[in-house]
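I opened my notebook today to look at one protein model with a ligand. Come and read along.

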Amino acid sequence: MSKIPVVVNGALGKMGREAVKAVTEADDLDLIASIDMDDDLAETLSSNKGCVVVDFTHPSCAYKNCETILDAGAHGVIGTTGLTEDQFQVLDKMCADKKRGFVIAANFAITAVLMMRFAAEAAKHMDRAEIIELHHPAKADSPSGTAVKTAEMMALSREAAGLPDFEGPESEKELIDGARGGSHRGIRLHSVRMPGQLANQEVLLGAPGQTLSIRQDTIDRSCFMPGVVLACRRVRELDGLVVGLDRLLFG
Ligand SMILES: NC(=O)c1ccc[n+]([C@@H]2O[C@H](COP(=O)([O-])OP(=O)(O)OC[C@H]3O[C@@H](n4cnc5c(N)ncnc54)[C@H](OP(=O)(O)O)[C@@H]3O)[C@@H](O)[C@H]2O)c1
């Protein structure tokens, strides 16, 4: 059986280097190019139609890269964060029009996928929720894509159960601006950026007399690679855009 041709974009970065290693080590994947800032993505893809592009670059170019990949007739496995809901909608339509399988996942770690799933379930049974995410100081965007996705999944889970969004409470007096963090559908989000952290998140849920804490810790970037390799293997069979690794893991 022929190998799946893969291009890694952002190959000199922290995640890109791991992706190059993972693709090289996978028997059924063929690393045909590893490119970065000084290379031309469109030019690389012009002679490699139908290949899979793994992208771990920067939020500022994530959307443009997705467009370039689709215009070139390639498939995307996008780990770069920072895409907006509006951009997801445009990309969804582009994938459908071009009949291209495409995966965008804010977090390729199985423990993160499970954390989001458990948090979505718990959201139906608790009165309040807040999310604290902790990352390395070089992370460009905040809150993290995982935190936003978690909040959205929790909100959708409540919606499906006929429950309203979580609400407040707001501080009567916020002595320092931002002390209560940002908010997405009533869920407070707090971003910590600190040396010594890689990518961690805690979802706190509360009801009278009880709290539930769901925590995920990432110790090494290798944790993302089984998810990346799985997406490379599956993306060409997909019908359109899939957002989130959970769709590939749990159907
Ligand atoms: N989905 C997940 O599971 C997951 C996990 C961890 C991180 N991430 C996300 O992945 C992205 C990369 O993270 P990282 O920690 O690897 O960052 P990083 O170490 O800064 O690496 C990014 C690499 O991409 C290069 N780059 C920037 N703009 C580019 C462009 N337009 N074209 C080609 N290459 C470009 C950078 O070059 P320069 O250094 O010269 O700018 C750098 O080599 C971030 O959005 C991060 O949030 C996702």
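My entries go from the sheet to the helices and then to the ligand.

**Ground rules.** This is a predicted model, where local features need pLDDT of at least 70, side-chain atom pairs count only at pLDDT 80 or more, and totals for chains, interfaces and linings use all residues. Residues are numbered from 1 along each chain as its sequence is written.

**Sheet.** I looked up the strands (DSSP runs of E, at least two residues, numbered from the N terminus). Six of them form an open sheet in the order 2-1-3-4-5-11, with parallel pairing; strands pair if DSSP finds at least two bridges between them. Strand 2 (29-35) and strand 11 (241-243) are at the edges with a single partner strand each, so one side of each has no neighbour in the sheet. I then checked strand 1 (residues 4-9), which six bridges join to strand 2. Val-8 stands opposite Ser-34 there.

**Helices.** Helices are DSSP runs of H or I, at least four residues. I found that the axes of helix 5 (residues 110-122) and helix 6 (residues 145-160) come within 8 Å and cross at roughly 30°. Axes are lines fitted to C-alpha atoms, over the stretch in contact for helices, and angles run from 0 to 180 degrees between N-to-C directions. The two helices are therefore roughly parallel to each other (angles under 35 degrees).

**Ligand.** Which residues are closest to the ligand? I noted Gly-10, Gly-13, Met-15, Cys-61 and Gly-79, out of 25 residues that surround the ligand (C-beta atom, placed from the backbone, within 6 Å). Helix 1 gives the most to this shell, with three residues.

How values were computed:
Angles under 35 degrees count as roughly parallel, over 145 as roughly antiparallel, 65 to 115 as roughly perpendicular and the rest as oblique.
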